[in-house]
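Let's take a walk through this structure together. Keep the 3D view open and turn it as you read.

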Amino acid sequence: MSELDIIKQKIKEISESYTEDNIGGWITGDGPVPCDILFVGEAPGKTEVEEGKPFVGVAGKNFKSYLELIGLAREDIRITNTCYFRPIKIKETTSGRKSISNRPPKTSEINLFKPILEKEISLVNPKIIITLGNVPLKSLTDFKSIGECHGTLVYNNNLKRYIFPMYHPSALTYNRTEEFKKMYTEDWLKVKEALAKI
């Protein structure tokens, strides 16, 4: 059994025995190993679980177009999550129908997977880790918020790796201002600069 298969087996075991809260399926990382560039997201959503791949929903389409902007394809990068299962909340409507939506992963859920993420980082051996959103940022750095550090290259002494914090691609669907889009595009161009340096 390969190291990646062992990781997959552990994710499966944790997810299938988890009873603390509602979850809706799980996935593993996707992309070549080893790989120079590792993107770390938050947690999978409905489309990700259905397709068994990270970043294939609406945010994934944004993500792909920005990758192309800086001359990269999905095949060039590895992408994974901080929490490998889909955290969900189930609500019952007044008519008795159930609605299922994503919820942010709890700290305890992130901690469940922390050793697995660290193992995946070690196997991938990236030159740069790009965190997408606050969840992976807080898990892999001491920063409290993406607003204070996005678009800057930082060195993590514990991991002995460069980290480049970015907003999550889904932020584009919530924040539709031209100003935000311009800043987000500039951050991607800074990724390109950072890759040329390291």
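What follows goes from the strands to the cores, then to the salt bridges and a bit of the surface.

First, some ground rules. You're looking at a predicted model, where local features need pLDDT of at least 70 and side-chain atom pairs count only at pLDDT 80 or more, while totals for chains, interfaces and linings use all residues. Residues are numbered from 1 along each chain as its sequence is written, and side-chain values use heavy atoms, with hydrogens and water left out.

Let's begin with strand E3, residues 78-81. Strands here are DSSP runs of E with at least two residues, helices are runs of H or I with at least four, and both are numbered from the N terminus. In a regular strand the side chains alternate between the two faces of the sheet. In E3, Arg78 and Thr80 sit on one side and Ile79 and Asn81 on the other, and all of them are buried. Buried means under 20% relative accessible area, exposed means over 50%, and partly exposed is in between, using a 1.4 Å probe and protein chains only.

Who does E3 pair with? Strand E2 (residues 37-41) runs parallel to E3, with four bridges between them. Two strands count as paired if DSSP finds at least two bridges between them. One spot to look for is valine 40, whose bridge partner in E3 is threonine 80.

Now hop over to another pair. Strand E4 (residues 85-92) and strand E5 (residues 98-102) run antiparallel and are joined by five bridges. Glutamate 92 has lysine 98 in E5 as its bridge partner. The hairpin has five residues between the strands, and glycine 96 takes a positive phi near 90° there.

Time to look inside. A nonpolar core is a set of buried Ala, Val, Leu, Ile, Met, Phe, Trp, Tyr and Cys residues joined through side-chain atoms within 4.5 Å. The largest one has 27 residues, and those with the most contacts inside it are Phe39, Phe63, Ile77, Ile130, Met166, Tyr184 and Trp188. At least two residues of this core come from each of E2, helix H3 (58-69), E6, strand E8 (161-166), helix H6 (171-174) and helix H7 (178-197). H7 gives the most, with six residues. Zoom in on tryptophan 188: leaving out residues up to four places away in sequence, it touches Phe39, Phe63, Tyr66, Leu67, Leu69, Ile70 and Met166, where touching means heavy atoms within 4.5 Å. There is also a second, separate core of 20 residues, including Ile14, Leu38, Cys83 and Leu140.

Beyond residues up to four places away in sequence, threonine 131 touches partners including Val40, Leu140 and Met166.

Next come the charges. Side chains of opposite charge can pair when their charged atoms come close. A salt bridge here is a side-chain nitrogen of Lys or Arg within 4 Å of a carboxyl oxygen of Asp or Glu, and the structure holds 12 of them. In one, the closest N and O atoms of arginine 74 and aspartate 30 are 3.2 Å apart. Arginine 74 lies in the loop between H3 and E3 and aspartate 30 in the loop between strand E1 (23-26) and E2, so this pair ties together parts that are 44 residues apart in sequence. Arginine 74 is buried at 17% relative accessibility, whereas aspartate 30 is partly exposed at 22%.

Glutamate 120 belongs to helix H4 (residues 107-124), so the link to E3 joins parts 42 residues apart in sequence. Both partners, glutamate 120 and arginine 78, are buried.

Compare that with helix H2 (residues 46-51), where glutamate 50 and lysine 46 lie four residues apart, about one turn of the helix. Their side chains meet in a salt bridge of 3.0 Å, N to O. Glutamate 50 is exposed at 55% relative accessibility, and lysine 46 is partly exposed at 49%.

Asparagine 125 is partly exposed at 45% relative accessibility and, leaving aside neighbours within four places in sequence, is in contact with Cys35 and Arg161.
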